[in-house]
Amino acid sequence: MTDAHPASLDLSLWPLSRAPNLKCPRTERLITSIVEWLTPAQKVGQIIQADIASVSPDDVAKYHLGSVLNGGNSAPGRRQNTPLSDWLNLADEFWESSMSADGPRIPILWGTDAVHGHNNIAGATIFPHNVNLGAARDPDLVERIGAATALDVRASGMDWTFAPSIAVAQDIRWGRTYEAYSECPQLCADLGAALVRGLQGLPNQSEFLGPEKIIATAKHFLGDGGTRNGTDQGETIATEAELRDVHARAYYSALEAGVQTIMVSFSSWGGRKMHGHKPLLSDLLKAHLGFDGVIIGDWNGHGQIVGATPTNCPDALMAGLDIYMAPDSWKELHASLLRQLNSGEISMERLDDAVRRVLRLKFRAGIFSAPKPSARPGAAMGRRPTLANHAKLAAEAVQKSAVLLKNRHQTLPLNPVKHVLVVGKAADDLGTLCGGWTQSWQGGRLQQSDYPHAETLLNGIRRVVKAAGGHVTYAIGGEFSERPDVAIFVFGESPYAEFRGDRKSLEYSAPDSRELEILRQLNQDGIPVVSVFISGRPLWTNHHLNASDAFIAGFLPGTQAGALADLIFSNGVLDFTGKLPFAWPTDTNLPATRDGQKGSSFTFPWGYGLGLREPGDIPSLNEHSGLSTADDLTVFQKGVTGPNWSIKLGKDGPAQAWTGGGRTSEDQSLTAKTTDVGQQENAINCTWHGFESCLSFYHSPLDLSRELNAGFGFTLIASRDSTNYESIRLLALSGDRWSDIGPLGELMVWSDDETLIVFEILLQHLQKAGTDLTCLQALAFSGRDGAHLTMLHLAVEMPRT
């Protein structure tokens with residue numbers, strides 16, 4: 001595929017869809033009359049969706065906004081673990097405002113990213129991610145999960161979820177791989193349609209979008225799983241035939257299942273951003289496939305069209321977009337769309353069509369005749385009546401999705417009447433077990449108190465072993481005083497979401513540098529080891545596979561991860577049935593594929609998975625990767641600089657990687673040395689002497705513009721023994737220009753405990769100070785005599801507040 005802009009598609013080569021006819025002549029006449037009543041400003045309001053962090057109920061009434069959403073980090077009162085009742089109260093406030101507006105009273109819709117359960121809500125059941133469901137290969141299970149998710153979303157007063165993701169991931173270096181069911185187009189089609197049916201009900205049946213159902217969204221249209229090198233929001237590399245046969249196949253199934261909304265991808269095809277791709281949005285999806293629902297954009301994605309900005313983009317509407325997802329840009333966008341309507345850049349015909357589609361969606365969802373959210377069937381003020389059933393369903397999904405890759409000498413199943421050593425932080429860390437899109441966008445930092453019903457893998461092992469009369473010892477670092485009979489070693493990726501999870505290499509990089517050493521020591525001690533790998537995708541883990549007697553790919557199991565223990569200690573009632581949804585790579589740089597035609601060969605093919613009664617040994621695997629995994633967004637942690645970062649002390653002298661020890665600047669103005677803060681040699685202690693000097697972290701020019709748009713910042717964790725925060729100033733280098741960000745003390749946000757302080761240095765602060773975030777080269781801490789800073793962690797990540 002070239003980068004030429006395709007003026008049109010050969011639609012004769014695209015089959016027609018079998019989408020059900022849901023049009024009601026009476027409703028269409030009513031929609032026509034409403035459209036005729038609306039003023040241009042009211043029409044524009046209906047096609048804009050704002051984020052609850054940037055819009056008030058009064059704004060909804062004033063601008064006649066058609067919908068709101070809560071982004072991954074948005075919540076009532078900006079508190080992620082806020083009670084369910086607060087969500088329902090806010091839903092009432094938005095609805096009441098929409099119904100009190102001047103002119104026609106059009107109830108508002110609320111959309112949310114309920115992508116593996118109602119994952120923004122504390123206390124909800126967090127189901128395994130799509131990668132797990134692809135391993136389970138059970139459409140009925142997926143449909144039941146969709147139905148359960150719909151009940152939980154209804155309980156919070158919302159109407160709409162931005163799920164399922166039906167991307168066909170072709171390169172597992174992509175950070176959204178776990179949101180895809182598989183690399184297999186047909187499996188994605190089967191499971192995506194099943195989730196749509198579970199969420200919405202069956203078309204032309206009484207249950208369809210009834211009181212126990214919600215609106216589904218197929219995403220991201222089209223080809224987001226096929227970008228070059230798995231780069232999020234990149235260029236999709238596919239011919240028109242590949243686009244049709246691989247990436248569009250699941251959309252045919254979703255349309256047949258009656259999906260009512262489709263979200264546009266951030267990616268491009270043929271050099272043109274999807275948000276402005278008229279041949280695909282209007283000519284294919286609407287005209288050829290007959291989609292009469294709503295095409296919605298992704299988070300300010302319209303602003304990525306060439307020549308556009310988030311606040312000025314007529315091209316997306318004219319290309320076929322029906323709702324702009326304009327979370328924080330909505331007000332200025334509203335004004336610019338009105339101007340463009342008056343100037344003729346936007347046609348009234350296209351605007352009216354978009355408004356008709358929004359109104360049609362609202363009629364089909366039944367919200368024109370529904371009372372306020374808290375008065376609707378299924379609403380639950382702070383209670384969750386189906387929780388026990390949902391947890392049981394999640395446990396079933398955990399067991400059906402675990403894939404057994406190795407079982408030397410029939411190590412599994414284990415005998416629970418034994419002394420079992422459980423090793424690894426991941427065994428008892430809900431954030432790791434649930435992955436991204438759990439309470440927050442990037443995930444992590446979850447508390448057991450937020451999910452009282454949750455069962456971590458550690459607690460599941462304790463439950464099973466205790467019931468059998470055995471004994472469990474938990475030691476994150478593998479220590480023991482009494483020799484265990486067997487060890488269960490749980491490890492895996494730290495949580496992440498889109499583009500933060502993109503990788504340059506498929507080599508697994510351990511969050512704890514001692515991880516492999518611990519595993520090998522258990523192996524050398526002759527203790528049988530069962531490894532459980534928690535990850536959003538297969539990764540090159542040859543060292544771990546070789547050192548394990550049994551190896552389980554658990555992927556991202558969610559709040560009922562403990563159900564995996566019933567498989568590990570199975571008494572013959574349960575067996576491993578999960579099959580790999582993606583081939584397991586044998587090369588660290590290139591993705592494996594099902595047929596081996598792209599990338600490299602594979603260690604385990606697509607569809608591989610052992611049962612307990614099958615021979616389970618594998619040959620010894622090559623342990624030389626030939627690559628080192630680099631994380632450009634980690635500046636300093638665990639006592640060393642990130643792979644591509646270096647430290648410079650003072651104005652002169654070279655910038656060098658820091659691996660420990662001590663160093664003094666050439667002008668004697670600054671000293672730095674390795675120190676301990678709770679762990680051995682995990683921090684750097686810096687002291688300024690005399691005149692002003694800088695501690696600087698350098699990198700080759702780094703483009704952080706995507707991280708800026710997503711609200712990221714530098715998180716600095718320092719020891720409380722640091723002093724004079726107001727006397728330490730932050731500087732940033734881009735191009736040949738240093739920008740003064742301000743005093744460090746003004747960025748202190750909270751404390752982990754009595755010994756640590758966290759600073760949030762938002763990228764937008766750097767931009768406001770004049771830093772060009774497309775080419776950031778250095779971040780510096782400037783101080784003078786008496787300033788003192790002990791630093792444990794510095795990385796680009798989502799703010800922790």
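Which residue forms a salt bridge with Arg 613? In this predicted model, Arg 613 pairs with Asp 575, their closest N and O atoms lying 3.6 Å apart, where a salt bridge means a side-chain nitrogen of Lys or Arg within 4 Å of a carboxyl oxygen of Asp or Glu. The pair links distant parts of the chain, 38 residues apart, with Arg 613 in the loop between strands S19 and S20 and Asp 575 in the loop between helix H19 and strand S18; helices (H or I, at least four residues) and strands (E, at least two) are DSSP runs numbered from the N terminus.

| Pair | Closest N and O atoms |
|---|---|
| Arg 173 and Asp 171 | 2.7 Å |
| Arg 463 and Asp 566 | 2.9 Å |
| Arg 613 and Asp 575 | 3.6 Å |

Arg 463 lies in helix H16 and Asp 566 in helix H19, so this pair ties together parts that are 103 residues apart in sequence. Arg 173 is buried at 8% relative accessible area, as is Asp 171 at 8%, whereas Arg 613 is exposed at 65% (buried is under 20%, exposed over 50%, partly exposed in between, with a 1.4 Å probe and protein chains only). A network of salt bridges also links Asp 138, Asp 140, Arg 144, Glu 396 and Lys 400.

Of the 801 residues of the protein, 63% count as buried.

Residues are numbered from 1 along each chain as its sequence is written. Local features need pLDDT of at least 70 and side-chain atom pairs 80 or more, while totals for chains, interfaces and linings use all residues, and side-chain values use heavy atoms, leaving out hydrogens and water.
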